[in-house]
Each structure stands twice: as structure tokens, then as C-alpha cells.
Amino acid sequence: MKMVIIIISFVSILLPLCIVATVQEPPEEYLEIHNDARASLGIPPLKWDVKLAKKAQQYLNKLIQTCLKGKLQPIISRYYGQNLAWHMASDPLTGAKAVAGWVAEKKYYDYKSNSCIGGGDCECYTQVVWRNTTHIGCATVKCDKCQKRCTLVLCLYSPPGNADVTAVQESPDEYLKVHNDERAKVGVPPLKWDEKLARKAQKYLNTITQHCLEGKYQPTIDPYYGQNVAWHMTSDHFTGAKAVEGWVAEKKYYDHKSNLCIGGDCECYIQVVWRDTTHVGCARVKCDKCQVGCTLVACLYSPPGNDDGVRPY
């Protein structure tokens, strides 16, 4: 009996302190201000993602103990970005007001230096307008029984923004010309550009940003396409064309008679001139915040080359 009394007393004390309730708001509550800010910069609008919204809600449900502290633990994930807001006054905080607060950080963002200036934060704003982000999901919780009303708002973004590397847009010809000039020398038909492969290459590079300073990358394990990857870690400008030229330069190590690499690597060259490969898609990312400029270039090929025991041409 004594144990029962203790349990009941414990519950009666905790519940009034901070009871958090889910606040149902329509996606437009969050989307409108996001997309207005993006439209002002000529960036495509975000789309609502129900799965991201559920993840945001699950995360907020785990944070009820921080409702009165005004502190939030960051989400550690490379798969989505996040913007967080908490409000500890008696007036209600809506999803739209939270997003408006993030957009207001624009005054601290300097586009020329790509940095936050004026002593303020701007990372929430840059995530709002991050070009490569396409989907968003948000949630709001409210603590009505706090001494002051406490509201938490969270939006999750995919693909994430605020990476230390940024996508560099180059025309397909930047990659195709060097490929096809070399293929013509060995009597192999030219490659055609494949936009889907280019998007896959961009997505792949976005997942390996943590390797920018290490000069390392994880190989793509996929039987459906081949890959060539280059990384460059000096401050001079490194283009897609220069990356392809580097792969072509491996030709000196390829012995056609034995179909072997002699004295160095030649697998990238073999993929460039592989007769049965018909399509290519490439992407480039640049790390402006590295101590020295770091650039990663990836090209994906279909059908893949480098079959064991088969000559490229």
C-alpha cells in the first residue's frame, strides 16, 4: 500500500509542470513563407513530405523534458537538415511565425562571402533557401500548463542544406567533350548525356561531404552503372573537364595487348573509352570552407565498363 501511495503522489506532481500537446497545422502554414523566400531568389518551391513531418513530431515528443529550459539537442543526421524554434511567452507561436523568424536571419547573411556577418546567426535562413533542398516536413508542440506557455517548432529538410560543400553547375559539354574526343581516337561511339545519372552523381557527392578534407571517398557499390571519381585539394580552380582529362591521362598505363594496367592505375581511362557504355552523367561539388579549396567530381556510366577479361575496345 505504501508503494501505491508513492507512485500516485509522483504522478500528481509531474503532470502539471509541462504537459505537451501536438498542434495540428496544415502544411501551408509552413510552406508558404518558405516558398515565398525561395521564390524571391529564383529557387524552386519546397514540397511537403509526410514522412519528414512524422520524424519531426517523433523528435519533439522526446523533447518534452526541455520545454521549460529553452534548450534543444541537435539532430545528428546526414540525411536531413533541421530548423528549430522555441518560444516561452504567453502569446502563441505558430508554424508560420517560426518560419518568419528563420527568414528574418537574412539580414545577417552575406552572399558574397557566403558567411554570417553582423554578429548574428543565419544558418536557419540558408537552410530555408538552400537550392538543392526539395522536401520539408514540420511539427509543432505546445505546453499549455507551463508557468509560461512553451511552444516548440521543428522543420526537417531533405536533402539537407548548410553543407560545407556546394554543388557547382556545369554544362554537360564540360564533361562530354573530353570523353568523346578520346573515344573518337580509339574508334568508339560518343557518349550521350543522361540527366538521371547526373542527379545520382550529385546525390552521391552530397553524401560524402565529410570526406572533403580527407581525400577519401566510399565507392558506389551498384552493378547498374560504373563510376569515375576525382578529388582535388589545392586552391586553384578544378573543373569537370580537368577531372576527365586526369582520367584520360591514365591511358599511358593501359596495355591493350595484355588488357592490363602496367606501372599505374588505368581503370578510369578504361571506363572513359568502354565501347558498350552509351550514357554518362556527372556532378561537381566545391568545398569553399576548407583550409584549401577542395573539389570532388563524379561521373556515372551506363552500361558500366571494366568487366574482367574484356577489352574496352
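**Ground rules**

I am working with a predicted model, in which local features need pLDDT of at least 70, side-chain atom pairs count only at pLDDT 80 or more, and totals for chains, interfaces and linings use all residues. I number residues from 1 along each chain as its sequence is written, and side-chain values use heavy atoms, with hydrogens and water left out.

**The whole chain**

I looked up the secondary structure and found nine helices and 14 strands in the protein chain. Helices (H or I, at least four residues) and strands (E, at least two) are DSSP runs, numbered from the N terminus. Next came burial: of the 313 residues in the protein chain, 41% are buried. Buried means under 20% relative accessible area, exposed over 50%, and partly exposed in between, with a 1.4 Å probe and protein chains only. I also checked contacts, meaning heavy atoms within 4.5 Å. Among those between residues at least 6 apart in sequence, 71% join residues at least 24 apart.

**Helix α2**

Does the length of α2 agree or disagree with its number of residues? The 13 residues of α2 (27-39) should span 18 Å at 1.5 Å a residue, and the end C-alpha atoms are 18 Å apart, which agrees. The expected span is 1.5 Å times one less than the number of residues.

I then listed the buried residues of α2: Y30, L31, H34, N35, A37 and R38. Seen down the axis, they fall within an arc of 155°, so they line one face of the helix. That arc is taken from the directions from the helix axis to the C-beta atoms. On the other side of α2, I found E28, E32 and A39 exposed. The buried residues of α2 pack against β2 (47-48), α4 (95-103), α5 (123-128), β6 (135-143) and β7 (150-158).

**Helix α6**

I ran the length check on α6 too: its 14 residues reach 20 Å from first C-alpha to last, close to the 20 Å expected at 1.5 Å a residue. Its buried residues are Y175, L176, V178, H179, N180, E182 and R183. After α6 comes G187, which has a positive phi, near 70°.

**Nonpolar cores**

A nonpolar core is a set of buried Ala, Val, Leu, Ile, Met, Phe, Trp, Tyr and Cys residues joined through side-chain atoms within 4.5 Å. Which residues touch the most other members of the largest one? In that core of 26 residues, they are W247, V280, C299 and Y301. Two or more residues each come from α6 (172-185), α8 (240-248), α9 (267-272), β13 (279-287) and β14 (294-302). The largest share, five residues, is from α8. Apart from this core lies another, of 19 residues, and L46, Y125, V128 and V153 are among them.

**Two loop residues**

E105 sits in the loop between α4 and β4 (109-110). Is E105 buried or exposed? E105 is buried, at a relative accessible area of 15%. Leaving out residues up to four places away in sequence, E105 touches D121, C122, E123, C124 and Y125. A polar atom of the E105 side chain lies 3.5 Å from the backbone nitrogen of E123.

T239 is in the loop between β10 (226-232) and α8. T239 is buried as well, at 13% relative accessible area.

**Aromatic rings**

I counted five aromatic pairs in the structure. Rings of Phe, Tyr and Trp (its six-membered ring) pair if their centres lie within 6.5 Å; planes under 30 degrees apart count as stacked, over 60 as edge-to-face and the rest as tilted.

The Y30 and W48 rings have centres 5.7 Å apart and planes at 25°, so this pair is stacked. It links distant parts of the chain, with Y30 in helix α2 and W48 in strand β2, 18 residues apart. Y30 is buried at 2%, while W48 is partly exposed at 23%.

For Y254 and Y269, the centres are 6.1 Å apart and the planes at 45°, so the pair is tilted. Y254 lies in strand β11 (254-255) and Y269 in helix α9, so the pair ties together parts 15 residues apart in sequence. Y254 is buried at 10%, and Y269 is buried at 0%.

My last entry is an aromatic cluster formed by Y109, Y111 and Y125.

Terms used:
A polar contact is a pair of N or O atoms within 3.5 Å; within protein, one must be able to donate a hydrogen and the other to accept it, and residues adjacent in sequence count only if both atoms are side-chain atoms.
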